[in-house]
Amino acid sequence: MLFIEQSLEALHSKFNNKKGVQVLSEQGNTETVSCSFNSPIPDEKLTSFQKEIGIELPKDYITFLKHHNGAKIFELLLGDTNIGGGLQLYSLAEIQSQLQDAYLDKKFVPIGYVSESHLTINIEEIKKGNPNYLFLGNPAFEFRPLNLNFELFFDRFIIS
C-alpha cells in the first residue's frame with residue numbers, strides 16, 4: 001500500500017461528515033477549513049488520457065485518481081461560506097481543460113493549484129525516471145522543482 005492511501009484515509013476520518021474543522025494558524029489564531037473529494041476516475045478514462053499525453057502517469061498519482069478524481073484540501077471557511085485557499089487538485093476534465101490553454105509549456109501536466117501557482121508533473125522528468133517529478137510555478141514567471149513526488153507533497157501539505 002502506498003502511503004498516499006493512508007494520508008487519504010486519515011483526511012477522510014478527520015473530515016467525515018463535518019462542514020469544517022478548526023486548525024491552528026499564524027500567531028495562535030484558528031481557522032475553519034474543509035475538504036471535499038471527487039469520485040474515483042474510471043480506469044478506461046485514465047488509460048485514454050495517458051495515451052493522449054503519451055506517458056504513463058506516476059503510480060502514486062494514479063493511486064490518488066483511482067480514489068478521487070480531484071479534491072479540494074483545506075479550503076478556508078468563513079461561517080458556511082468557502083473563501084478559497086488550500087490546495088485544489090484537478091479532476092481529469094480540469095487537467096484536460098488546462099492543457100488546452102496555450103500558456104503552459106507542453107512538458108508540464110497541471111494537476112493542481114496552490115498558493116497562486118500551478119502544481120505540475122514534469123513529463124521530461126518522468127521520462128528520465130526521476131522520482132521527484134513535481135514542479136510548482138506560474139507561466140508568467142518560471143516553474144521550479146519541488147524535489148518531491150505526489151505522495152510526499154500531499155503528505156507534507158496536510159501536515160503543514
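Modeller: In this predicted model, the chain has a radius of gyration of 16 Å, which agrees with the value near 15 Å that a compact globule of 160 residues would have. Taken along the principal axes, the C-alpha atoms fill a box of roughly 45 × 35 × 25 Å. The secondary structure comes to six helices and nine strands. Of the 160 residues, 44% are buried. Among contacts between residues at least 6 apart in sequence, 48% join residues at least 24 apart.

The largest pocket holds about 560 Å³ of space. Its lining is made up of 25 residues, and those nearest its centre are Val33, Phe74, Gly86, Phe157 and Ser160. Sorted by class, the lining has 13 nonpolar residues, six polar ones and six charged ones.

Strand β1 (residues 21-24) runs antiparallel to strand β2 (residues 30-37), and four bridges join them. Within this pair, Leu24 stands opposite Thr30 in β2. The two strands form a hairpin with five residues between them, and in the turn Gln27 has a positive phi of about 55 degrees.

β2 is also joined to β3, by six bridges and again in the antiparallel sense. Here Ser34 stands opposite Glu75 in β3. β3 in turn pairs with β5 over three bridges, also antiparallel, with Ala71 opposite Leu89 in β5.

A further partner of β3 is strand β4 (residues 81-84), which pairs with it in the antiparallel sense over three bridges. Leu76 has Gly84 in β4 as its bridge partner. β3 and β4 form a hairpin with two residues between the strands, where Gly79 takes a positive phi near 65 degrees.

Ser91 is placed in the loop between β5 and α4 (92-100). With a relative accessibility of 11%, Ser91 counts as buried, because the cut-off for buried is under 20%. Not counting residues up to four places away in sequence, Ser91 touches Asn38, Asn69 and Gly70.

Asn122 belongs to strand β7 (residues 117-122). Its relative accessibility is 2%, so Asn122 too counts as buried. Leaving aside neighbours within four places in sequence, Asn122 is in contact with Lys107, Phe108, Tyr133 and Phe135.

Asn138 lies in the loop between β8 (134-137) and β9 (143-145). With a relative accessible area of 25%, Asn138 is partly exposed. Asn138 touches Glu116 and Phe143, residues up to four places away in sequence not being counted. Between the C-alpha atoms of Asn138 and Ser36 there are 25 Å, and the two residues are 102 residues apart along the chain.

Definitions and conventions
Residues are numbered from 1 along each chain as its sequence is written. This is a predicted model: local features need pLDDT of at least 70, side-chain atom pairs count only at pLDDT 80 or more; totals for chains, interfaces and linings use all residues. Side-chain values use heavy atoms; hydrogens and water are left out. Two strands pair if DSSP finds at least two bridges between them. On a 1 Å grid over the protein atoms alone, a cavity is a set of points where a 1.4 Å probe fits but cannot get out, and a pocket is an open set with protein on both sides within 12 Å along at least five of seven lines; lining residues have an atom within 4 Å of a point. Grid points are joined across faces, edges and corners, and a volume is the space filled by probe spheres set on the points. Ala, Val, Leu, Ile, Met, Phe, Trp, Tyr, Cys and Pro count as nonpolar, Asp, Glu, Lys and Arg as charged, and the others, Gly among them, as polar. The radius of gyration is taken over C-alpha atoms; the globule rule is 2.2 Å times the number of residues to the power 0.38. Buried means under 20% relative accessible area, exposed over 50%, partly exposed in between (1.4 Å probe, protein chains only). Contact means heavy atoms within 4.5 Å.
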